[in-house]
Amino acid sequence: MALGGMFRKAAAISLHLVGLLQRKKAGASVNRCLHQTLTMAKQVQARRLDGIGQNLWLEFAELASKNDVVNLGQGFPNFPPLTNILASFFGKLLGQEIDPLKNVLVTVGAYGALFTAFQALVDEGDEVILIEPFFDCYKPMTLMAGGRPVFVSLKPTPTQDGELDSSNNWRLDPEELASKFTSRTKALVLNTPNNPLGKVFSRAELELLASLCQQHDVVCIADEVYQWLVYDGHQHVSIASLPGMWERTLTIGSAGKAFSVTGWKVGWVLGPDRLMRYLHIVHQNSVYHCPTQTQAAVAQCFQREQLHFGQPSSYFVQFPLSLRTNREHMIRSLQSVGLKPIVPQGSYFLITDISHFKSKMPDLPGAVDEPYDRRFVKWMIRNKGLVAIPVSYMCSVPHQKHFDNYIRFCFVKDESTLQVMDKKLQEWKDELEA
């Protein structure tokens with residue numbers, strides 16, 4: 001059976017089981033009550049928010065927005081808010097009427113969005129499913145909120161001899177994935193396109209994840225900061241756009257990744273009011289507000305993109321085309337010294353298989369229990385003048401042995417940097433051939 005068919009079948013079975021459970025209750029009205037009870041069975045907010053009500057600033061700002069008033073009570077300048085354009089822009093993509101006050105939160109980068117989400121929703125003892133390899137902040141943020149990370153790994157499928165591996169060949173096992181969901185599961189973190197692998201999850205894979213989240217009343221924290229960076233005909237699908245998922249998904253984005261302005265530190269979260277109200281409470285009582293100047297600049301970027309969306313003049317069209325050239329450049333250069341890149345379908349990272357070096361020089365300096373990829377990167381920095389990130393840092397400790405033969409490179413670099421890379425790799429190649 002083809003991969004897509006396998007995932008769709010698994011998703012259909014999962015939903016069918018939910019349907020059977022509901023049909024055991026007599027009458028359509030009982031079913032509706034049961035569905036509502038299951039949906040709200042778990043307390044949404046973390047207990048650390050108990051006793052903290054809605055902030056007065058949000059309450060009166062919302063009231064003011066619905067009436068013809070002159071707001072003399074609050075100390076903010078009259079700049080058009082970023083939340084309005086985010087609601088308009090992403091509302092069309094997600095098929096939702098997004099309220100800029102209730103369904104959008106602007107944060108200090110996507111990091112701030114993630115931290116706010118974990119603090120608002122994850123409670124002591126809650127389980128959070130993390131898909132390996134994962135961006136390294138997910139695990140500590142889960143632990144800082146009192147949660148327990150539960151890990152499930154993407155696994156590579158065999159390739160033909162001489163054929164480059166692709167991030168598309170790394171997949172979740174449906175049965176293993178389903179086994180990770182329990183009555184204690186509060187959230188699933190989904191990063192697509194994935195960092196560090198560059199995998200773009202297919203619609204069939206997302207449908208399976210969605211069915212499991214719905215079956216077990218789990219919130220999906222969707223980190224989609226690389227959503228515009230997809231290649232080779234692949235398409236990014238937001239899991240919040242799937243049936244029944246808007247009500248249980250937080251969609252996180254980043255201006256730094258979208259517009260290549262990481263220093264601006266502007267991110268956002270989109271989601272239903274039943275979840276967002278608790279993120280607003282956390283944000284209002286910690287960071288409170290993000291710099292207005294950068295919000296205004298990002299708003300202008302999105303206003304332009306809304307006018308040019310899908311056209312050749314769109315930055316979201318142009319940027320991945322230029323990065324694809326960088327990707328191909330880096331892949332060719334890394335291959336010249338025996339590194340084996342896994343071709344990414346998204347993001348601006350790629351991982352490289354270093355098994356060849358692991359077999360030829362297994363005894364690199366380092367601690368006895370230090371994963372090989374960390375020792376290799378330190379050796380490469382000292383001896384070859386090249387820096388990468390060990391992928392074993394991006395997985396759980398028990399699974400490090402499955403990932404310690406991979407290192408991550410970043411190809412969102414200018415031409416001069418790529419030329420220096422070529423020079424260093426050529427010197428490495430000359431040494432190998434000497």
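The expected span of a helix is taken as 1.5 Å times one less than its number of residues, where helices (H or I, at least four residues) and strands (E, at least two) are DSSP runs numbered from the N terminus. The model is predicted, so that local features need pLDDT of at least 70 and side-chain atom pairs count only at pLDDT 80 or more, whereas totals for chains, interfaces and linings use all residues. Residues are numbered from 1 along each chain as its sequence is written, and side-chain values use heavy atoms, with hydrogens and water left out.

Buried residues (under 20% relative accessible area; exposed is over 50%, partly exposed in between, with a 1.4 Å probe and protein chains only) include Leu82, Ile85, Phe89 and Leu94 in H4. The buried residues of H4 pack, by contact (heavy atoms within 4.5 Å), against the elements tabulated here.

| Element packed against H4 | Residues |
|---|---|
| Strand E1 | 104–107 |
| Strand E9 | 267–270 |
| Helix H11 | 292–308 |
| Helix H12 | 315–335 |

After H4 comes glycine 95, with a positive phi near 70°.

Lysine 340 lies in strand E10 (residues 340–342) and, at 49% relative accessibility, counts as partly exposed. Leaving aside residues up to four places away in sequence, lysine 340 touches Ile351, Thr352 and Asp353. Although lysine 340 and leucine 164 are 176 residues apart in sequence, their C-alpha atoms are 7.3 Å apart in space.
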